[in-house]
Amino acid sequence: MSELVHPVEQEAAPVVASLSRVAKRYGDHTVLDYVDFTVRKGEVVALVGPSGTGKTTLLRLLAGLESATGGRTEVSGNTSVVFQEPRLIHALRVWKNVLLDDADKPDAQALARAALHDVGLEDKLASWPVSLSGGQAQRVAVARALYRRPDLMLLDEPFSALDAFTRRSIQSLVLKLWARYRFGLVIVTHDLDEALILADRIVILSKGSICHETRVDLPRERDVTSPEFNALKRELLGQFSLSVA
Ligand SMILES: Nc1ncnc2c1ncn2[C@@H]1O[C@H](COP(=O)(O)OP(=O)(O)OP(=O)(O)O)[C@@H](O)[C@H]1O
Ligand SMILES: [Mg+2]
């Protein structure tokens, strides 16, 4: 399993995405208000916060799916997004779902096979999406994201619909892939355990602003039963309660 990237190393790593004093409004509804947010290459950031507070909006800005109303948004390199639901196209076999527009390339199947191998689903290459379990479908979505060799991977509550056992195994898979490819990773989650298992840094967004950040300097794989893990969890729960007050 991956080793902890030392914070000093991370501070030297290039920035793959940054928001500076970013605002996002829909009509007269301000969703994000002067948000400063940076992700470096090889860094895992978990974004948590109450429902409706702007987490998905922030991710969509980083993905280029929305534009900000104010401030500066800078993203360098390729960006891939995995949403809460796998968003597979049911009329396409698994390998074509991975490649999408690249499915006509001469070496298409081999490219898809390599991406599916990364997520342990090489044998599902020719399957139809309807025949996959929820966890398998989400792994195909991860393969599709990986195929684009992202510098920045954005995950919006990607495992929340999965049972606890499957979720833990996909969390391990994501960490394995992150250790291999070292993309910057931003994951939105409601699950503080998930945030603490995955992230180098946890950011709490509340009412459209960042209200707290915690660095997680624990070696991976993280032991959810350790006193250090649980001390950080208690601190986060306290901050989380303040953010919804
Ligand atoms: N296209 C849109 N038009 C108008 N309002 C929008 C649009 N997209 C999001 N919003 C509003 O922005 C706010 C933040 O939404 P967002 O989806 O970013 O929240 P979230 O933190 O991801 O919530 P959840 O945890 O429930 O997924 C909500 O009040 C939502 O109604
Ligand atoms: Mg959301």
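This is a predicted model: local features need pLDDT of at least 70, side-chain atom pairs count only at pLDDT 80 or more; totals for chains, interfaces and linings use all residues.

Q: Turning to helix 4, which of its residues are buried?

A: Helix 4 covers residues 108-118, and its buried residues are A108, A112, A115, L116 and D118.

Q: Where do these buried residues fall, seen down the axis of helix 4?

A: They fall within an arc of 150°, so the buried residues line one face of helix 4. On the other side of the helix, A110 and H117 are exposed.

Q: What do the buried residues of helix 4 pack against?

A: They pack against helix 3 (94-99), helix 5 and helix 6 (164-181).

Q: What about the stretch that follows: which residue just after helix 4 takes a positive phi?

A: That is G120, with a phi of about 75°. Further along, S127 lies in the loop between helix 4 and helix 5.

Q: Is S127 buried or exposed?

A: S127 is buried, because its relative accessible area is 16% and the cut-off for buried is under 20%. Apart from its neighbours within four places in sequence, S127 is in contact with R93 and V94.

Q: Now the strands. How many of the residues of strand 6 are buried?

A: Five of the five are buried, so strand 6 is largely enclosed by the rest of the structure. Both of its faces are covered, with L152, L154 and D156 on one side and M153 and L155 on the other.

Q: Which residues of strand 5 are on the covered face, and which on the uncovered one?

A: In strand 5, residues 79-82, the covered face has S80 and V82, while the uncovered face has T79 and V81.

Q: In what sense do strand 5 and strand 6 pair?

A: They pair in the parallel sense, over four bridges. In strand 6, L154 is the bridge partner of V81, and L155 is the bridge partner of V82.

Q: How many bridges join strand 6 to strand 7?

A: Five bridges join strand 6 (residues 152-156) to strand 7 (residues 184-188), and these two strands run parallel. Here L154 stands opposite V186 in strand 7.

Q: One last topic, the rings. How many aromatic pairs are there?

A: The count comes to zero aromatic pairs.

Q: Which ring does the charged end of R87 sit over?

A: The charged end of R87 sits over the ring of F83, at 3.7 Å from its centre. Likewise, the charged end of R182 sits over the ring of W178, at 4.4 Å from its centre.

Definitions and conventions
Residues are numbered from 1 along each chain as its sequence is written. Chains are lettered from A and ligands numbered from 1 in the order in which they are written. Side-chain values use heavy atoms; hydrogens and water are left out. Rings of Phe, Tyr and Trp (its six-membered ring) pair if their centres lie within 6.5 Å; planes under 30 degrees apart count as stacked, over 60 as edge-to-face and the rest as tilted. A charge sits over a ring if NZ of Lys or CZ of Arg is within 6 Å of the ring centre and within 35 degrees of the ring normal. Buried means under 20% relative accessible area, exposed over 50%, partly exposed in between (1.4 Å probe, protein chains only). The arc is that of the directions from the helix axis to the C-beta atoms. Contact means heavy atoms within 4.5 Å. Two strands pair if DSSP finds at least two bridges between them.
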